Amino acid sequence: MTRKKGAFQKRKDVAAEREEARINAELKKLMVSQIASYARVLKYHLGPPTPEARDLLRNELVDNRLPADQVRVIMEAKHKPMALLGLVSASLHDSGRTGLDTVQASKLDQTLSLLTDYLGKCERIVKTPLPLVYTRHTARFLSWWLLFLPVCLYNQLRASWVIVPVSGLSGCF
């Protein structure tokens with residue numbers, strides 16, 4: 001009788017291990033999807049917010065196989081990259097399901113901190129205005145370049161009457 005009970009318990013343990021491995025695999029796929037979505041969320045956050053970009057971001061998050069509740073949380077957040085990093089952190093700290101030891105979890109947590117730091121650096125670069133001196137210098141350089149462009153094109157083009165339209169077109173772009 002104990003022999004049957006022992007065999008039954010082993011089958012039950014194997015089934016429990018398989019279920020735990022399946023849950024761990026699902027959590028790992030979720031975390032990979034979250035990290036893969038980070039670049040797209042950051043791109044959206046640093047670019048100009050338009051309705052088309054918002055719809056594109058929502059579609060890309062769904063294409064990356066994020067659950068609908070997480071897509072909703074990210075799309076409703078004012079600061080979308082931080083919301084996504086919060087979801088990644090919550091998934092990481094679900095230590096009962098990840099199967100990571102404390103050293104691995106600590107290293108991944110440090111990596112998340114670095115991502116947050118890099119996000120702050122990107123925002124500072126984007127929000128720093130370009131000095132007026134640089135824009136004026138660029139405008140003056142382009143003005144001189146366009147002024148001397150017909151002189152340089154004179155020997156390059158066979159028909160001299162083409163110089164004026166070519167110079168005009170290059171000035172428009």
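Q: Among contacts in the chain between residues at least 6 apart in sequence, what percentage join residues at least 24 apart?

A: One reads such a value by asking how far along the sequence the two partners of a contact lie. In this predicted model, the share is 57% of the contacts between residues at least 6 apart.

Q: How many helices and how many strands does the chain have?

A: One begins with a count of the elements and then follows their order. Here the chain has 8 helices and 0 strands. Read from the N terminus, the order is α-α-α-α-α-α-α-α.

Q: What part of the chain counts as buried, and what is its accessible surface?

A: Burial is given as a share of residues, and surface as an area. Of the 173 residues, 22% count as buried. The accessible surface is about 13300 Å², and carbon and sulfur atoms account for 62% of that area.

Q: Which residues of the largest nonpolar core touch the most other members?

A: The general idea is that nonpolar side chains tend to be buried together in soluble globular proteins. In this structure the largest nonpolar core has 20 residues, and those touching the most other members are Tyr38, Val41, Leu57, Leu61, Leu66 and Ile74. At least two core residues come from each of α1 (2–46), α2 (51–63), α3 (68–76), α4 (80–92) and α6. Helix α1 gives the largest share, with 7 residues.

Q: Where is Leu115 found, and which residues does it contact, leaving aside neighbours within four places in sequence?

A: Leu115 belongs to helix α6. Its relative accessible area is 22%, so Leu115 is partly exposed; the cut-off for buried is under 20%. Its contacts, apart from those sequence neighbours, are Tyr38 and Leu85. Leu85 is 30 residues from Leu115 in sequence, while their C-alpha atoms are 8.3 Å apart.

Q: What is the nearest side chain of opposite charge to Glu123, and how far away is it?

A: Glu123 lies in helix α6 (residues 102–127). This residue is buried and has no salt bridge; Lys127, the nearest side chain of opposite charge, is 5.0 Å away. Not counting residues up to four places away in sequence, Glu123 touches His45, Leu46 and His79.

Q: How many aromatic pairs does a search of the whole structure find?

A: A ring pair is read from the distance between centres and the angle between planes. The search finds 1 aromatic pair. The ring centres of Trp144 and Phe148 are 5.8 Å apart and the planes stand at 15°, so this pair is stacked. Both residues lie in helix α7 (residues 132–153), 4 residues apart, about one turn of the helix. Trp144 is exposed, at 53% relative accessible area, whereas Phe148 is partly exposed, at 43%.

Q: Which residues is Leu146 in contact with, leaving aside its neighbours within four places in sequence?

A: Leu146 is in helix α7 and is partly exposed, at 30% relative accessibility. Its contacts, with those neighbours left aside, are Ser167, Ser170 and Gly171. Leu146 and Ser167 are 21 residues apart in sequence, with 7.2 Å between their C-alpha atoms.

How values were computed
Residues numbered from 1 in each chain as written. Predicted model: local features only at pLDDT ≥ 70, side-chain atom pairs only at ≥ 80, totals over all residues. Heavy atoms only, no water. Buried < 20%, exposed > 50% of the residue type's maximum accessible area, 1.4 Å probe, protein only. Lys, Arg positive; Asp, Glu negative; His and termini not counted. Salt bridge = Lys/Arg side-chain N within 4 Å of Asp/Glu carboxyl O. Contact = heavy atoms within 4.5 Å. Core = buried A, V, L, I, M, F, W, Y, C linked by side-chain atoms within 4.5 Å. Phe/Tyr/Trp six-rings, centres within 6.5 Å; stacked < 30°, edge-to-face > 60°. Areas by Shrake-Rupley, 256 points an atom, 1.4 Å probe, with all protein chains shown as cover.
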